[in-house]
Amino acid sequence: MSKEKKLAKKEQKAAKKAAKLEKSQAAAYAKLVKKIDKKNAKLEKKANKKGKPFEPIPVPTQEEAFAPQSGGKVKKIILMIILILLIWLVVYFLVMAIKYVAPPASAEETTASEEGSPAEYDRYTNPHEITKTPIYSVSEAKVLLKQTLHDNYIGLGYSSDPSTGSINYTNNIMEINNQDCYIFTAGSKTYAVATNLSSVYVNKNGTFKPLTFHNDNYLF
């Protein structure tokens with residue numbers, strides 16, 4: 001390779017390196033200006049509150065900011081920002097380390113790990129008693145019947161909603177489909193509501209037939 005080609009190649013490399021450096025310096029300078037402007041805004045606001053004259057931090061040129069001899073205030077600001085970030089990271093990791101609590105090892109696990117044998121655990125037993133479906137009051141059954149009538153009054157043959165009228169409990173409890181039911185009268189018909197509120201029936205020609213609770217247009 002001739003000397004001219006080698007020299008041209010070196011100049012090309014130097015130009016690329018200079019362009020890359022200039023680009024990185026421009027980005028760093030933009031960040032520096034933004035931080036100084038932000039700090040000046042805070043200082044101005046503080047000075048206005050106290051009624052004092054505002055003295056802004058001077059914004060250096062890009063050449064001044066990156067000149068070897070331009071230490072001064074700009075360098076101090078950059079170092080201060082880096083120091084604040086480092087302190088914040090240290091505090092964050094300390095807080096996380098303090099909050100972390102390792103799960104305690106049980107005596108059985110410790111013995112098993114020392115002896116190299118698998119740990120043994122007691123069989124789980126449920127301490128709670130099995131509960132039964134509760135029996136609801138007459139007033140609660142009446143509320144369910146009122147909602148069911150509201151949902152089904154057209155299918156029951158009414159021209160208007162009978163749930164707005166009187167619903168009377170007959171003081172009778174009848175077993176229907178193996179369920180105890182409160183017996184009510186409403187809108188010239190007889191109805192039965194299961195004491196556990198699982199079903200609602202209408203008496204049709206002496207036979208109680210179930211009604212559907214649609215869960216729409218809630219009254220309550």
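The paragraphs below lead through a predicted model, from its helices and pockets to its strands and turns.

The buried residues of H1 are Tyr29, Leu32, Val33, Ile36, Asn40 and Ala47. After the helix comes Gly51, which has a positive phi near 70°.

The largest pocket holds about 350 Å³ of space, and its lining is made up of Lys35, Ile36, Lys38, Lys39, Lys42, Lys76, Ile77, Met80, Ile81, Ile84 and Leu85. Sorted by class, the lining of the largest pocket has 6 nonpolar and 5 charged residues, with no polar ones.

The second largest pocket holds about 180 Å³ of space. Around this pocket stand Ala28, Tyr29, Lys31, Leu32, Lys35, Ala65, Phe66, Ile78, Ile81 and Ile82, and the elements that supply two or more of these residues are H1, helix H2 (62-66) and H3. In this pocket the largest share of the lining, 5 residues, comes from H1, and the lining divides into 8 nonpolar and 2 charged residues, again with no polar ones. Tyr29 and Leu32, which belong to this lining, are also among the buried residues of H1.

Which residues of H5 are buried? They are Ala141, Leu144, Leu145, Gln147, Thr148, Leu149, His150, Asp151 and Asn152, and the buried residues of this helix pack against four strands, namely E1 (167-176), E2 (179-186), E3 (189-194) and E4 (200-204).

Among these strands, E3 and E4 pair in the antiparallel sense over 3 bridges, and Ala192 stands opposite Tyr201 in E4. The hairpin of E3 and E4 has 5 residues between the strands, and within that hairpin Leu197 takes a positive phi near 60°. Strand E4 also pairs in the antiparallel sense with strand E5, residues 207-210, over 4 bridges, where Lys204 has Thr207 in E5 as its bridge partner. The hairpin of E4 and E5 has 2 residues between the strands, and Asn205 in its turn has a positive phi of about 55°.

Asn171, which lies in strand E1, has a positive phi near 65° although it is a residue other than glycine. Is Asn171 buried or exposed? Its relative accessible area is 63%, and because exposed means over 50%, Asn171 is exposed. Asn178, found in the loop between E1 and E2, likewise is not a glycine and has a positive phi of about 65°; at 72% relative accessibility, Asn178 also counts as exposed.

Notes. Residues are numbered from 1 along each chain as its sequence is written. This is a predicted model: local features need pLDDT of at least 70, side-chain atom pairs count only at pLDDT 80 or more; totals for chains, interfaces and linings use all residues. Side-chain values use heavy atoms; hydrogens and water are left out. On a 1 Å grid over the protein atoms alone, a cavity is a set of points where a 1.4 Å probe fits but cannot get out, and a pocket is an open set with protein on both sides within 12 Å along at least five of seven lines; lining residues have an atom within 4 Å of a point. Grid points are joined across faces, edges and corners, and a volume is the space filled by probe spheres set on the points. Ala, Val, Leu, Ile, Met, Phe, Trp, Tyr, Cys and Pro count as nonpolar, Asp, Glu, Lys and Arg as charged, and the others, Gly among them, as polar. Buried means under 20% relative accessible area, exposed over 50%, partly exposed in between (1.4 Å probe, protein chains only). Contact means heavy atoms within 4.5 Å. Two strands pair if DSSP finds at least two bridges between them.
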